[in-house]
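I set out to look up backbone exceptions and open space in this model. My entries follow in the order in which I made them.

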Amino acid sequence: MMSVHDEVVNYNGGEFHNTDTIYLFDDWTNNAGNEAFISLGIGIVHLYGSDQRIKGSDITRFYDLRLEQTGIKYGDLDVYVDGFLRLNDRRFHMDTNCVHVFNPQLIAVENIGKGYVSALGNGGLLRQLQNTQTYFYPVGWPNYYRPLELTMSAANLNQMKVRMAFADATNEGFDRDLREPTLCEVNPTFYHQIHQITGNDAAQIKIHYDENIDGAWNTIAHFQNVPQWEDTGLETSGIDPITNLNFYQSIDFISDFTYPAFALGDSSDSLLLTASDTVICEGETVIFTGETGYNFYEFFVNGVSVQTGSNHTYTDSNLQNGDVIHFTAVADECIYFGTSVVMTVHPLPIAIASSNSPVCEHGILELSALGGTSYNWSGPANFTSSEQNPIINDVSLIHAGTYIVTVTDQNGCMDETTIEVVIFPEPEIAMTSNSPICDGDDIILTATGGVSYEWTGAGGFISSEQNPIIQGATLIHNGNYTVTITDNNGCTHSSTLNVVVHTLPNAVATNDSPVCIGNDIQLTAAGGLNYEWSGVGGFTSSEQNPILENVTLDVAGTYTVTVTDGNTCVATATTEVTIFPPVEESASNDSPTCIGETVQINATGDPSWSYQWFGPSNFSETIQNPSINNAQLENSGTYLVFITDNNACTASYTTVVLVSDYPELNTTENTPLCEGEDVFLETTYDPTWDYIWEGPLGFLDSVYNPTIEEVYIENEGEYIVTAINGSGCSTTDTVMVEIYEGVMANIYGDTTIFETTSTPIGVIDNGGYTYQWTPSETLSCNDCPNPIATPLISTTYQVVVTNGDGCSTTLSVTVNVKERTDEDLIVPNTITPNGDGYNDTWVIPWIDRFSESQVVILNRWGDEVFSASPYENDFNGNFEGRPLPAGTYYYILLLGEDFTTFKGPLTILRE
């Protein structure tokens, strides 16, 4: 906690980190070019003096700002509050500035004791709103504490600024004389400015006031649109239990804050409009009367002005159903709206009369009416009726004339209409036919006397033709036929005649087929007096029972006979001639096959038929599908089968059997071989044979002489060849392939030496081999595995290595000879002896080429900590068995006569 009894001035980039409490008894000034407090979410500042000011050139961002003790607290510039603004019972006067409260909690602004924010112009209290609960704005002016509350329509981020203006709104640019007609007055004492700084959500507004001081009001007014003061709509009102003040709160959410001015207002009352009758019939007169006591009246029908002046009554005889009549009255420059009267106007009924006239003599006259609930008819021949749809049966010509109907609706309204009825006389008719006829002939019917005709008759016959024809009539058409004719007036008349249909003769046709090809067929007919035959291939005959001789397949088919009886009626009959087809099958076998196997011979056809086989070597069988077991070459040849079907028809067929011998093989190979050589396999060749070779490691080939290149010991083993001839007969043969293990040896890698020096070269193997080196002049030996090479120039050496099986391989190695020079030397300047196996010793590449090298390492005081001759890359940062301290040392490196001396720093790094 800190207590400051003098003015606090923050300047020149100063900052406050307040995690506790500051009590300030004088002004707060911030000229530091920042927002003063760098602490976030903590820290309390108490303005604990009298008439204190927050001022300076830079805005201060408080977390918890508390106004206490006495006097007024002033904001000479904008004030930022991240956490809580606690007004207590103090007035916080911002002049034209704004206090920003960024905490969206409802309790972020507290005014225990009714403290409030006062402001001028665009100043005020700005709060950050982020939920749909009610936010409290304690605003006012000395002796005028008039807080305001806002409730947002959505929980989005909105920033709303409020100022209570203790002034006539007209004096601040919101003319109270500019108002909608129904708004009679706007509060001249104070109003609120509400600015929507951020967001676009609508809000409900609640204005607090003191009715004893501010007077009685009945709405909230908003300066908007034209612009003008307008009623915001429906509100709720009462006394707030917290502030103990009267309030008006908008029920609707207000979304337009383009103009910020909101004030208490007084809207005009509604006046009563009465009518002499609200339910009338069309054309009746109604008198409308408005409340008296006003200077000017205007009446409206469906929103259209129909009368203006001082008369408070209006009369109308042309009202329609649903018409809305209302009025307005004017007094003291305020418009009062009257209640509306909605008229129910029953239309007069529309009498509609109709009939089925014209009606033919002896017909039925149907009268009908619409449009009401009761009806009264009158007409010719003293006709009267109270039915809606009366009927007159069996009319005569005296019923023609005018009919009158009077219609009354449910409202007692009446209408009258008339119709004319016409009665036509009945037409005359005449009819004939061509009866009698035979079954299947056409019936020809004729009629005259009308313009349209409707026929009915035997067998369900109907037709609308004048002279219909019944084609192909049958016995069901025997009987009476009636025609109903219609004349030009639509009148009808009917007449009937009888039609006779004779039965057709019972024609019968048969034959004695089926027969085989070459036989005769007898055709027979019965049922009449005369016969006429026709059939396949243009066949005709007038005999009753003709014969078809020596038939063939093209004689088969349908034969028709036409029979005529004593009534000259004709009938036909058909019979089918069937000729058995020849036996059309086949013979086959499953050869070619190999000697000793079974040959299956087959014949197609029905198993119930009979079969006779003949073939080589006296072969004879009577079954459908015989077999030749243990077939030999002499069983090859043509086999004949005779097939007889169930119709006793016979045919013969042949099939050729082929029996084949097996291939003979002679297989060779070129082994034994050493690893890396090629194996050649070969067997007997025949271009008509197929070959399959199989062997180790999945070997597979299809030529008679395959090659296996560069073999390994794993290729050793048995190789099998199968030869298959054109008949599918196969023979298998095998050979053994033997492979000696190759030489398993490696040679040293290429190397580089200085001139006049030597180096070992040699072969790495399993022993037991012989060796032959070339060139041998600069080698210590030419038949040993590891000679010493002393070349004068760069030389490539080759060695032939041979094992006990005579298998050999040739290897080579190159020795590069380099002139000795210190330019190859690179001296590192850092070691890290930490035991990780990397850079733990001071390694100088190529130092081993300088046999006379000497090294001395000194510390910073010139003391020797290491020396060696020759140097063998073994300095590990220790001296006398203990680690040297990390730091920089100095080395001297001598390579010998005629070489450069190296000097420089050497740094030991230790973690």
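**Backbone and pocket entries**

I placed Ala381 in the loop between β42 (374–379) and β43 (383–385); strands here are DSSP runs (E, at least two residues), numbered from the N terminus. The model is predicted, so I note that local features need pLDDT of at least 70 and side-chain atom pairs pLDDT 80 or more, while totals for chains, interfaces and linings use all residues. Residues are numbered from 1 along each chain as its sequence is written, and side-chain values use heavy atoms, without hydrogens and water.

I read a positive phi of about 55 degrees for Ala381, which is not a glycine. For Ala36, I found phi near 75 degrees, in the loop between β4 (28–31) and β5 (44–47). Ala36 is buried (under 20% relative accessible area), at 1%. Most residues other than glycine have a negative phi, and most peptide bonds are trans.

I then recorded two cis peptide bonds. Ser357 to Pro358 has omega near 0 degrees, and Pro358 lies between β39 (352–355) and β40 (359–360). Ser869 to Pro870 has omega near -5 degrees, with Pro870 in the loop between β94 (864–868) and β95 (878–879).

Last, I looked up the largest pocket, with a volume of about 240 Å³. A pocket is an open set of points on a 1 Å grid where a 1.4 Å probe fits, with protein on both sides within 12 Å along at least five of seven lines; lining residues have an atom within 4 Å of a point. Of its 16 lining residues, those closest to the centre are Asn111, Phe136, Tyr145, Ile242 and Thr243. β15 gives the largest share of the lining, three residues.

Definitions and conventions: Grid points are joined across faces, edges and corners, and a volume is the space filled by probe spheres set on the points. Helices (H or I, at least four residues) and strands (E, at least two) are DSSP runs, numbered from the N terminus. Buried means under 20% relative accessible area, exposed over 50%, partly exposed in between (1.4 Å probe, protein chains only).
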